[in-house]
Amino acid sequence: MIRGPVLPHSRESLWSLVAGRLDTIERGLTLVSEALDCSSGHLGPVDGLARDAVGAPVLLVLAVEGDALLIARALAAADFLHRVGDALQAAIPEAMLCTGVAGRIVVIATDGAALAVEQLARQRVEGLHVCRLEPFRIGGSERFAVRWLSPKQPVAAAACSVPEFAVPAHLHDTWCKLHALCLRIDAGVRVDGDRYRRRITWNGHLLAEVKVVDGGLHGILADGVASALVAPIDVRMFSDQLLRSYARLAGLTIIRPDADSAPALPEREVASRHAANGRSGHARETGESLRSVAAAARLSPEEYSALGGPTLAVGGETEGAATADDVARIVAAQESPWLHPGRTD
């Protein structure tokens, strides 16, 4: 009989598996210390103290089958963080914790502790987060997926909630602008991830990642090129590269007619015509995607130059060679000024 993928049932074996893979549970989570006793020995220690991507303390609690003190231990850990607060920075200097950042308790559960974890998830304790590990095997290697559970969600539910993206307050508008553009690209674009990371994908293909690192926002393209997202110009440059990646994957082609087939337009009229499509035209009103807008676009050499592209002979390049440039410039005209996204993550 072939054994299915399972997680260790004992606390020690499970901790040995989890401790070295905290980054899988949450990007940027690093272990500081093990066995933190915050209940004066009455309830047993929490399994670990970690530091998250913004320097906040995170108490890690394993939920295994038969642990009668799980709920009490988790609630005691939450009370400990509420009482101690910023004092942990001075008490544990090697952890390099930041002041002014609220700590959290992360309960890591297996299927054997489903009932206790479901009860814990309903407690609605501030700073208490619960996730469940789902084991599977691929290519002979055993791995686990992570499902974050919301307070209203049964542990046995198939879907999982996406944690709120904890963007620093001063960068919230920056993320909103980028997020809005991502949702405008194509119906197949998805933005998901964990508390300090968002993955931007199109039909399963990775376009880019955005991460919170040391209080800042960083964008990483699919080819590994990274940049800090601080000023509006940073977002523009990053989104330009993201759009180029999308155009290449989607196989978009914008046909440029010969110079004789379309009369030249003044620069102001060209820019106004394309910008109107995004602000008050049919595409904006119907929620038409960038794919549809780009597929319908017809740029003459004079129009392309007016939008900022180099003046080239039409026959001097293939239709696909400058597709990404055209897509990025059309969107730049459509999306100025950018609107905040309807979704808050």
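**Reading the model**

Tutor: Phe165 is buried, and Trp175 is buried too. Buried means under 20% relative accessible area, exposed means over 50%, and partly exposed lies in between, with a 1.4 Å probe and protein chains only. This is a predicted model: local features need pLDDT of at least 70, side-chain atom pairs count only at pLDDT 80 or more, and totals for chains, interfaces and linings use all residues. Residues are numbered from 1 along each chain as its sequence is written, and side-chain values use heavy atoms, with hydrogens and water left out.

Student: What percentage of the residues of the chain count as buried?
Tutor: The figure is 44% of the 345 residues. The chain has 12 helices and 11 strands. Helices (H or I, at least four residues) and strands (E, at least two) are DSSP runs, numbered from the N terminus.

Student: How do I read an aromatic pair?
Tutor: Take the rings of Phe, Tyr and Trp, using the six-membered ring of Trp; they pair if their centres lie within 6.5 Å. Planes under 30 degrees apart count as stacked, over 60 as edge-to-face, and the rest as tilted. A search of the whole structure finds 2 aromatic pairs. Phe165 and Trp175 form an edge-to-face pair, at 4.9 Å centre to centre with 75° between the planes. Phe165 lies in the loop between strand 6 and helix 6 (172-185) and Trp175 lies in helix 6, so the pair ties together parts that are 10 residues apart in sequence.

Student: How far apart are the ring centres of Trp202 and Tyr246?
Tutor: Their centres are 5.6 Å apart and their planes stand at 90°, so this pair is edge-to-face. The pair links distant parts of the chain: Trp202 is in strand 8, Tyr246 is in helix 7 (residues 232-250), and they are 44 residues apart. Trp202 counts as buried at 8% relative accessibility. Tyr246 is buried at 0%.

Student: How do I read a sheet?
Tutor: Start with pairing: two strands pair if DSSP finds at least two bridges between them. Here an open sheet of 6 strands has the order 1-2-3-4-5-6, with mixed pairing. Strand 1 (30-36) and strand 6 (141-149) stand at the edges with a single partner strand each, so one side of each has no neighbour in the sheet. The twist averages 30° from one strand to the next. Strand 3 (residues 57-63) and strand 4 (residues 104-109) run parallel, joined by 6 bridges. Leu59 stands opposite Ile105 in strand 4.

Student: Which strands does helix 3 lie across?
Tutor: First, contact means heavy atoms within 4.5 Å. Axes are lines fitted to C-alpha atoms, for helices over the stretch in contact, and angles run from 0 to 180 degrees between N-to-C directions. Helix 3 (residues 70-84) lies across strand 1, strand 2 (46-51), strand 3 and strand 4, at about 175° to strand 3. Helix 5 (residues 114-121) packs on the sheet, touching strand 3, strand 4, strand 5 (128-138) and strand 6, and makes about 145° with strand 5.

Student: How do I check a helix for length?
Tutor: Its expected span is 1.5 Å times one less than its number of residues. The 15 residues of helix 3 should span 21 Å, and its end C-alpha atoms are 21 Å apart, which agrees. Helix 6 has 14 residues and reaches 20 Å from first C-alpha to last, close to the 20 Å expected. Helix 6 is mostly covered, with 10 of its 14 residues buried.

Student: Which residues of helix 3 are buried?
Tutor: An α-helix has 3.6 residues a turn, so residues three or four places apart point the same way. In helix 3, the buried residues include Leu70, Arg73, Ala77 and Leu81. Gly85 follows helix 3, with a positive phi near 55°.

Student: Where do I see hairpins?
Tutor: Strand 7 (residues 189-194) and strand 8 run antiparallel, joined by 6 bridges. They form a hairpin with 2 residues between them. The bridge partner of Asp192 is Arg199 in strand 8. Strand 8 also forms a hairpin with strand 9, where Asn203 takes a positive phi near 50°. In strand 8 (residues 197-202), 5 of the 6 residues are buried, so the strand is largely enclosed by the rest of the structure.
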